[in-house]
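Please read the following briefing alongside the sequence and the model, taking the topics in turn.

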Number of protein chains: 2
Amino acid sequence: MVLSFKFECQACCSHTQARAGVFYTPHGLVETPRFMPVGTLATVKTLTTAQLQATGAQMILANTYHLHLQPGEGIVAGAGGLHKFMVWDKPMLTDSGGFQVFSLSKLRKITEEGVTFRSPRDGRIIELTPERSIQIQNALGADVIMAFDECPPYPAEWQYVAASCDRTYRWLERCIKAHERKDQALFGIVQGGVYLDLRQKAAASLAELDLPGYAIGGVSVGEPPELIEKIVKATAPLLPREKPRYLMGVGTYREMARAIAGGVDLFDCVIPTRFARHGTAMVQGERWNLKNAQFREDFTALDDSCPCYTCQNFSRAYLCHLVRSREILAYTLLSIHNVTELVRFTQRIREAILSDRFATEFARWLDPAPSSDAIGSC
Amino acid sequence: MVLSFKFECQACCSHTQARAGVFYTPHGLVETPRFMPVGTLATVKTLTTAQLQATGAQMILANTYHLHLQPGEGIVAGAGGLHKFMVWDKPMLTDSGGFQVFSLSKLRKITEEGVTFRSPRDGRIIELTPERSIQIQNALGADVIMAFDECPPYPAEWQYVAASCDRTYRWLERCIKAHERKDQALFGIVQGGVYLDLRQKAAASLAELDLPGYAIGGVSVGEPPELIEKIVKATAPLLPREKPRYLMGVGTYREMARAIAGGVDLFDCVIPTRFARHGTAMVQGERWNLKNAQFREDFTALDDSCPCYTCQNFSRAYLCHLVRSREILAYTLLSIHNVTELVRFTQRIREAILSDRFATEFARWLDPAPSSDAIGSC
């Protein structure tokens, strides 16, 4: 469909559905599997472009809903698009705004035409339709744009989700029609809630459209985490092998590892930067609250095997001091580390797939039951 | 007194008392005149060490009062001192805590022995004496440490300030006696409020002590700004020419330029980082509120003659968007610029002094009455 985009599978795992590949975009390539940091308002919170590049991130997200409200897509377009506005010259993706309309807005109303909601910023009524979402995303100018979909809540009745899926499919057809830029790849989104039959139906009908990429959406909305894996395993095999697969909103070690085993290539999540702003470091599968007294006089690095600026320079004691003092530098240094940590986690998985050692090296994360050394769902 | 410290005067202005020099410390040299950013809690707010180095800052401050309360000087000493704790290998200075005790603490009580006050952190009673302040500063390990003084409020009666000055002198003698580290230079502080006779008496008696450096303290406490210049002009000439002179808490363009004309070498102030956290940029002598609508679609750099990372990469429109979105990156990018701006301002003055063009090139700032192109007291 669009010449600039291509996905190449480089290696497949012999024990799982995991694969290593390269996704080519007009702003460069993305080596998969790979975690993508979220830059909601055209900033991955607390990080400069230089710091973000150093994390190893190859592709980042921004949010259509947020950028439409502030500063407005016209200003971003005036700057020459998102890449130039925020000074990020590598691949970017924008979501459609659908998820935020459904999760953040009050007083929303869904019709066949689209969704109307009240702006949380100034109270004005905003209508978002498939056409409008695509127009906004065309103006923002990310490499990958997402179809406008409904993200049903959890729990939701089968009947509601089935009707929602059908409407989301009709919305997708309108998105494809509205999409105007050949230098942007439009990904479709598989919805269907926790109902595997609806998920499979959606995946199969989306696959027929031969889109440049596919996402599995509507997970991480409150359902038990083990359902995410079931949804991935039921859905990913139905999506075309020669196209990238993106699991939206997932970014814990375990869920990423298991989704990769199910054939997923791309992930995004706000947790590395959100945890950082709460003083939490992600270290080799664990979550550490840096405020804890045990770190007050610990003059070692967070993780001396981590190449990030934070670990190469600062001690746990200093980070503990900054967190206790509520100093902004704490959030920056922890964001640098946490984003690096998740990008590296997917990079290591990629390397393991390339040498076909994924299933053994990451067995700890692939066990059906959480192993005792993994704390929480980090 | 201490071999590692030396101040060399390189050039004197033929029209004013301004001078360019080099102050040598165990952690390197400081080319004067120079602005020193403030890193209250062992962090120049929002900036990483790498970002701070790139501003051109050669010497930074930290606050004894704040660091004594959190994390405590024992932990800083355990890390190997402030330089290692915060990862800054260039010159550093700590204040004595005197100013903060008098400006921030409630329920303080001053006696000949020292000051007792209630910790704003946990309510415990803390006693700070000249000996204790020096012990803490010896533990923190900055290159320059400051004598423990009383900073009288403004306004204050002549009689009160006179008695306070005498006590501050006796405290200085105790500081000198308590000071134990030859790799730290103890600076004395000239107090005296707005009373020039008291200022001159203090300066003359401090000069006799042959300290490695001298500060003029107790300004910027609410007195009219023009009094700062009068105090500097009455005081600086009485301080030894071969020692550095430091005007505490001053960091506006005009006040620095005029104090340099009076013979001052070093400055510190929180305004570049504080302004940044309020969304204000300091640009060539002006203050710009980046939230203003005029910047929404202004795709030019803040100041295209500024070499800082912010000006070299980002637009006013992007900064405006970040400020309006209350994104932390706004504060970081504006701090990078504002600190660079004030350091460069003093660097440019230094270069002008070296070529004896200070009085003409900076005439705009030296005029008795504020010229019309200078907005506020920025």
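This is a predicted model: local features need pLDDT of at least 70, side-chain atom pairs count only at pLDDT 80 or more; totals for chains, interfaces and linings use all residues.

How do the residues of the lining of the second largest pocket divide into nonpolar, polar and charged? They divide into 13 nonpolar, 14 polar and six charged.

**Pockets**

- The second largest pocket holds about 700 Å³ of space, and of the 33 residues that line this pocket, those closest to its centre are Phe99(A), Gln100(A), Gly249(A), Asp268(A) and Val270(A).
- Two or more residues of that lining come from each of α5 (98–104), β14 (266–269) and α11 (271–277) of chain A, with α5(A) giving the largest share, five residues.
- For the largest pocket the volume is about 900 Å³, and its lining counts 45 residues, of which Phe99(B), Gln100(B), Gly249(B), Asp268(B) and Val270(B) are the closest to the centre.
- The elements of chain B that give two or more residues to the lining of the largest pocket are α5 (98–104), α9 (225–235), β14 (266–269) and α11 (271–277), and here the largest share, five residues, is that of α11(B).
- By residue class, the lining of the largest pocket divides into 18 nonpolar, 17 polar and ten charged.

**Packing of two helices in chain A**

- Helix α7 (residues 158–178) of chain A packs with helix α8 (residues 196–207) of chain A at an angle of about 10°, and their axes are 10 Å apart; because angles under 35 degrees count as roughly parallel, α7(A) is roughly parallel to α8(A).
- On the side of α7(A), the contact is made by Trp158(A), Val161(A), Ala162(A), Asp166(A), Tyr169(A) and Leu172(A), while α8(A) contributes Asp197(A), Leu198(A), Lys201(A), Ser205(A) and Leu206(A).
- The residues of this contact between α7(A) and α8(A) comprise seven nonpolar, one polar and three charged.

**Salt bridges**

- Side chains of opposite charge can pair when their charged atoms come close.
- Over all chains, a search of the whole structure finds 35 salt bridges, one of which joins the side chains of Asp298(A) and Arg316(A) at 2.9 Å, N to O.
- Asp298(A) lies in the loop between β16 (286–289) and α12 (309–313) of chain A, whereas Arg316(A) lies in helix α13 (residues 316–324) of chain A, so the pair ties together parts that are 18 residues apart in sequence.

**Backbone features**

- Most residues other than glycine have a negative phi, and most peptide bonds are trans.
- In chain A, the peptide bond from Tyr154(A) to Pro155(A) is cis, with omega near -5°, and Pro155(A) is placed in the loop between β10 (144–146) and α7 of that chain.
- In chain B, Tyr154(B) and Pro155(B) are joined by a cis peptide bond with omega about -5°, and Pro155(B) is found in the loop between β10 (144–146) and α7 (158–178) of chain B.
- Ala42(A), a residue other than glycine, has a positive phi near 65°, and its place is the loop between β4 (34–37) and α1 (49–54) of chain A.

**Surroundings of Ala359(A)**

- Ala359(A) belongs to helix α15 (residues 358–361) of chain A, and, leaving aside residues up to four places away in sequence, Ala359(A) touches Cys13(A), His15(A), Thr16(A) and Leu366(A).
- Among these contacts, Thr16(A) is 343 residues from Ala359(A) in sequence but 7.1 Å from Ala359(A) in space, C-alpha to C-alpha.

Conventions
Residues are numbered from 1 along each chain as its sequence is written. Chains are lettered from A and ligands numbered from 1 in the order in which they are written. Side-chain values use heavy atoms; hydrogens and water are left out. Axes are lines fitted to C-alpha atoms, for helices over the stretch in contact, and angles run from 0 to 180 degrees between N-to-C directions. Helices (H or I, at least four residues) and strands (E, at least two) are DSSP runs, numbered from the N terminus. Angles under 35 degrees count as roughly parallel, over 145 as roughly antiparallel, 65 to 115 as roughly perpendicular and the rest as oblique. Contact means heavy atoms within 4.5 Å. Ala, Val, Leu, Ile, Met, Phe, Trp, Tyr, Cys and Pro count as nonpolar, Asp, Glu, Lys and Arg as charged, and the others, Gly among them, as polar. On a 1 Å grid over the protein atoms alone, a cavity is a set of points where a 1.4 Å probe fits but cannot get out, and a pocket is an open set with protein on both sides within 12 Å along at least five of seven lines; lining residues have an atom within 4 Å of a point. Grid points are joined across faces, edges and corners, and a volume is the space filled by probe spheres set on the points. A salt bridge is a side-chain nitrogen of Lys or Arg within 4 Å of a carboxyl oxygen of Asp or Glu.
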